[in-house]
Amino acid sequence: MAHPTRRWRGVTPWLFLLAPLVLLITFTYAPIVNMVAYSFTDWDGVSPGLHYTGAENYAELFTRSELFEVFFVSGYYLAASVVQIAAALYFATVLSFNVRFRNFFKGVLFFPYLINGVAIGFVFLYFFQDGGTLDAILGLVGYDGDRAWLGTPISANVSLAGVSVWRYMGLNFVLFLGAIQSIPGELYEAAEIDGANRWQQFRHIIAPGIRPVLSLSVILSVSGSLSVFEIPYIMTGGATGTETFVIQTVKLAFQFNKTGLASAAAVVLLLIILAVTWVQRRLVPDDKVDLV
Amino acid sequence: MNRRTVLALAVGAAMLASGCTGTGGTSKGADAEAPDDPAKVGGTITVLTHRTDLVQDGTMKKYAAEFNKTYPKVKVEFEGLTDYEGEVKIRMNTENYGDVLMIPAVIEKKDYPKFFASLGTRAERSKKYRFTDYSTVQGKVYGQSPIGVVPGFVYNKKVWSAAGITDWPTTPAEFLDDLKAIKSKSEAVPYYTNFKDMWPLTQWTNVNGSVGCDTGATTRLAEGNPWADGADLRVADTLLHDIVKSDLIEKDPTTTNWEASKPRLAKGEIATMWLGSWAIVQMQAAAKQAGTDPADIGFMPFPAQKNGTFCAVTSPDYQQAVNVNSDHKAAARAWIDWFTDKSGYAGANLALSPLKDAPLPDVLKPYEEAGVKLLDIDDTKGAEVKSLDNQSEVGIYKPDYRQDLVDLARGARKGSLDDFLAGLGDKWTEAQRNLGS
């Protein structure tokens, strides 16, 4: 028999946890469980009746290879995220040193991430349209490119991936900057006294110091590239070969009313992302970094 | 119990609870009968509508005031929903979806009796109203559209006549030649696709019925291949393909803009768009705003004739229905009847009246003069066509395949038109086999 005060001590943390747990379960886990349940039915998203169909949706998904072809589009975004991480790393490193106007530049680089994705979609629609901002700027520098930027699959996907880089680079940048600034200043001083130049400081102090954040960014980029949605959905609606897996899933669910099949597709996407993350963690283990 | 088990149990319980949140069944087969004495009906009814513009500018309130002259005890409230389809679809999982609502397109016909109260039998209603079979399930009618629309090309008369065209083209080939003449004789874009906004492309499906001049066109879709040689949709899609292929469209279809296209058509920068009679009002308003003559907006049928006459299909807009769970079914029914018969809503929208004996609206006078035959299509197989459409994922009521078609025609997608249409036909007929029809 435990002492009464000790028993209360055991309950207190759970009381504190109650609110977040209820929210987490209601808004995160319960919908996921519902979705998994729907994936085994033929529900159309609105009809009062639904039937259990077993693994039929999954069988259909895996026998229709064209449903997975859309993952080629993710390749564009994957390539773009390499550019994005490299650029973010570059800017974070440069701005971690004493540069003039560094706070201004930090603001400029982070700003796009604060804008709503839908607004970005509309802004860039005007940017890319025939005779729009991009054409006008290119015209100013004497390049009279008369082309439809969203007109062919390759051009459209590259343009959209470019928008995605513009939008998300700020997030990577801030993550990197935070990690870099948490490296103690004495290390740089010591390195400078030893005669290390900027590149050597980056190579031997910054790069190992931010490795956990770097690997997190890579995981986010890979899962982000597999589940691109907002920008292409608003700008092209998936036309002209820009359809991604998530857009396809949304169309299955809300255009063709195959909520069951779409739920199965969403479950498969979740599993793919978990698998990719797992593989990556196995390849690049997240060891404790110890600089000093 | 250690912490992990407690957590696992909590999550498990939540999963069980959520597993039970299915969709509730409802009372079925109720009737919303018209009240005998208007003075006695009472109650507050909520009308869900997609016409947010009319709710905001007070037009709906004026209708309600007018309605109250006959039915003084009924209080009508309106709820305008911008994303009507999306929001109502979700609300229909509960019982709380207004007293009167427009039937969302997503609801399957066979489910109508579960969601709506019947307005009467088809035999009785079809004597007076158009479009009854669009919402008939087992002989009972569940909805009534307050207006009807007719598809057609909206065009700028000045541009067309400046290109030397005086008569409506009667074949797709003639139509193409006319567009080419417009291209060579003016600066106007001969045909504007509205590719980016997508839904205007779905309007092309309304060609179905016009080419063969056949009231059984919907049944043909259900039973045959819509892209067989000479079938209506094949003719329509081929024309769209040829228009794009002959470079008679806007320069960059991927960034079109519907709102901006209206004044451009009014000003003669765009010559033609395939839309419907509902668009004429909007184009005329755009013309007034742009300071051009609203009379320049013309309307012509699909370029195909059967025995020397054009045919145009009439189709309903959203159909009003009574919520089966409503506590004030008589009042709701009274609203629908009044709105359909007496409100003047159809006239205000320059649309076809749902009353069979009503005269044609002014915008369709040119059709009347040219002897265009208006077809009320038999929709008994409409539900089957919709489920075929979803099952096959072709999407004749969705924009995707026509976007692909336009991409194909302008070379942004590989393949030939014949293969593309054959592919659609294959998917369609396979779905027919799977559904066992």
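1. A word on what you're looking at. This is a predicted model, where local features need pLDDT of at least 70, side-chain atom pairs count only at pLDDT 80 or more, and totals for chains, interfaces and linings use all residues. Residues are numbered from 1 along each chain as its sequence is written, while chains are lettered from A and ligands numbered from 1 in the order in which they are written.

2. Now the overall build of chain A. Its radius of gyration (taken over C-alpha atoms) is 24 Å, well over the 19 Å that the globule rule gives for 292 residues, so chain A is more spread out than a compact globule. That rule is 2.2 Å times the number of residues to the power 0.38. Along the principal axes, the C-alpha trace of chain A spans about 80 × 75 × 30 Å.

3. How much of chain A is buried? Buried residues make up 32% of its 292 residues. A residue is buried if 20 or more other C-beta atoms, placed from the backbone, lie within 10 Å of its own.

4. On to the interface. Two residues are in contact if their C-beta atoms, placed from the backbone, lie within 7 Å. With that cut-off, 28 residues of chain A are in contact with 30 residues of chain B. Helices H1 (4-38), H5 (117-128) and H7 (153-181) of chain A each supply at least two residues of the side that touches chain B, and H1(A) gives the most, with 7 residues.

5. Chain B is divided into domain 1 (28-143 + 318-349) and domain 2 (151-314 + 380-434), with bounds from an automatic or database domain assignment. The centres of the two domains, taken over C-alpha atoms, are separated by 32 Å. Their contact takes 7 residues from domain 1 of chain B and 6 residues from domain 2 of chain B.

6. One helix to click on is H17 (residues 382-392) of chain B. Its buried residues are B:Ala383, B:Val385, B:Lys386, B:Leu388, B:Asp389, B:Asn390 and B:Ser392. What covers the buried residues of H17(B) includes helix H10 (217-223) and helix H19 (417-434) of chain B. Just after H17(B), B:Glu393 takes a positive phi of about 55°.

Note on methods: Helix = DSSP H or I, 4+ residues; strand = E, 2+ residues; numbered from the N terminus. Buried ≥ 20, exposed ≤ 12 C-beta atoms within 10 Å, placed from the backbone.
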